[in-house]
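Welcome, and please load the model in your viewer. We will go from stop to stop, with something to select at each one.

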Amino acid sequence: MKTKINEIFSSIQGEGPVVGYKQLFIRFCGCNLNCNYCDTEFLEGKEYSPQELFDKITTEYDLKSFHSISLTGGEPLLSVDFLKEFLPLIKGQTKIYLETNAMLCENLLKIKNNIDIISADIKLETATGLNTFDKHEKFLRNCTEIETFAKIVFDENITKEEVSRCCEIGKNTGIELVLQPKMIDNKMSITSEFCNYILDEFTKLYPKCRLIPQVHKFLDVR
Ligand code: SF4
């Protein structure tokens with residue numbers, strides 16, 4: 001059982017409520033979506049078995065010095081069979097933080113006992129060209145016993161219907177929504193006025209929302 005890993009690196013988490021913590025990022029290759037704001041390279045990589053990846057990160061890094069290990073991509077849940085073997089090896093060394101596009105609920109169920117924090121996306125149709133709200137809601141309904149937030153990347157194209165459907169998912173699951181303005185290069189694609197307006201629109205329908213930009217881009221770290 002091997003999977004392709006694009007890169008392994010130490011950096012500062014720049015998104016969502018755990019912003020500012022030091023994480024070890026493990027970027028998995030491949031994704032099942034094609035978002036119009038994707039700026040991640042995830043096609044090329046090196047193959048590892050679970051034991052090989054465990055040996056590499058425990059030899060090269062002091063895992064106790066990290067807030068958590070971020071499983072990111074691409075879409076890490078595409079490598080679920082690998083994760084089923086890898087996560088028990090690493091359990092107890094530090095927390096496991098899963099960054100996912102929240103489409104593959106069945107895969108999550110196979111490994112969720114070994115996940116501590118989930119950063120799950122709610123993708124907007126204006127970003128992916130697909131209506132995936134039902135899939136995200138099913139996924140998030142299965143995250144309620146784990147520390148989870150739902151990230152919504154938006155720009156000026158977000159519609160009232162999208163705001164309303166995201167808030168409905170929030171209400172149905174109780175999960176906090178984190179609004180993240182789309183960036184173009186290292187700049188916000190929208191004005192601060194629009195940020196305020198959108199946060200108002202969300203909180204009128206579902207108060208458990210906050211707006212956090214991608215802080216790593218301001219810090220100029222990966
Ligand atoms: S889900 Fe994430 S990695 Fe996949 S295309 Fe969208 S932004 Fe890129």
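Burial here goes by relative accessible area: buried means under 20%, exposed over 50%, and partly exposed in between, with a 1.4 Å probe and protein chains only. Before the first selection, note that this is a predicted model, in which local features need pLDDT of at least 70, side-chain atom pairs count only at pLDDT 80 or more, and totals for chains, interfaces and linings use all residues. Residues are numbered from 1 along each chain as its sequence is written, and side-chain values use heavy atoms, with hydrogens and water left out.

**Stop 1**

Select serine 79, which sits in the loop between β4 (68-72) and α2. Helices (H or I, at least four residues) and strands (E, at least two) are DSSP runs, numbered from the N terminus. Is serine 79 buried or exposed? Serine 79 counts as buried because its relative accessible area is 7%. Leaving aside neighbours within four places in sequence, serine 79 is in contact with Thr3 and Phe28, where contact means heavy atoms within 4.5 Å.

Now step back to glycine 74, found in the loop between β4 and α2. The peptide bond leading from glycine 73 to glycine 74 is cis, and its omega is near 10 degrees.

**Stop 2: a helix pair**

Two packed helices are described by the angle between their axes and the distance between the axes. Select α1 (residues 50-60) together with α2 (residues 80-90): their axes come within 9 Å and cross at roughly 35 degrees. The axes are lines fitted to C-alpha atoms, for helices over the stretch in contact, and angles run from 0 to 180 degrees between N-to-C directions. Show side chains for the contact: α1 brings Pro50, Gln51, Leu53, Phe54 and Ile57, while α2 brings Phe82, Glu85, Phe86, Leu89 and Ile90. By class, the contact of α1 with α2 has eight nonpolar, one polar and one charged residues. In this scheme Ala, Val, Leu, Ile, Met, Phe, Trp, Tyr, Cys and Pro count as nonpolar, Asp, Glu, Lys and Arg as charged, and the others, Gly among them, as polar.

**Stop 3: the largest pocket**

Centre the view on Glu15, Arg27, Asp39, Thr40 and Gln214, the closest to the centre of the largest pocket among the 40 residues that line it. The volume of the largest pocket is about 910 Å³. On a 1 Å grid over the protein atoms alone, a pocket is an open set of points with protein on both sides within 12 Å along at least five of seven lines, a cavity is a set where a 1.4 Å probe fits but cannot get out, and lining residues have an atom within 4 Å of a point. Grid points are joined across faces, edges and corners, and a volume is the space filled by probe spheres set on the points.

Which element gives the largest share of the lining of the largest pocket? That is β1, with three residues. Colour by class and the lining of the largest pocket divides into twelve nonpolar, 14 polar and 14 charged residues.

**Stop 4: the cavity**

How many cavities of 30 Å³ or more does a search of the whole structure find? The search finds one, and the largest cavity holds about 60 Å³ of space. Among the residues lining the largest cavity are Asn36, Tyr37, Thr126, Phe154, Asp155 and Lys182. Both α4 (125-128) and β7 supply at least two residues each to this lining, which has six nonpolar, three polar and two charged residues.

Stay with threonine 126, in helix α4. Threonine 126 counts as partly exposed because its relative accessibility is 33%. Not counting residues up to four places away in sequence, threonine 126 touches Asn36, Asn157, Ile158, Thr159 and Glu162.

**Stop 5**

Select aspartate 185, in the loop between β9 (183-184) and β10 (187-188). Aspartate 185 is not a glycine, yet has a positive phi of about 55 degrees. At 66% relative accessibility, aspartate 185 is exposed. Next comes aspartate 220, in the segment after α8, with a positive phi of about 60 degrees although it is not a glycine. Aspartate 220 is exposed at 61%.

Finish at asparagine 142, in the loop between α5 (133-141) and β7 (147-154). With 23% relative accessibility, asparagine 142 is partly exposed. Asparagine 142 touches Cys105, Leu108, Leu109 and Lys112, not counting residues up to four places away in sequence.
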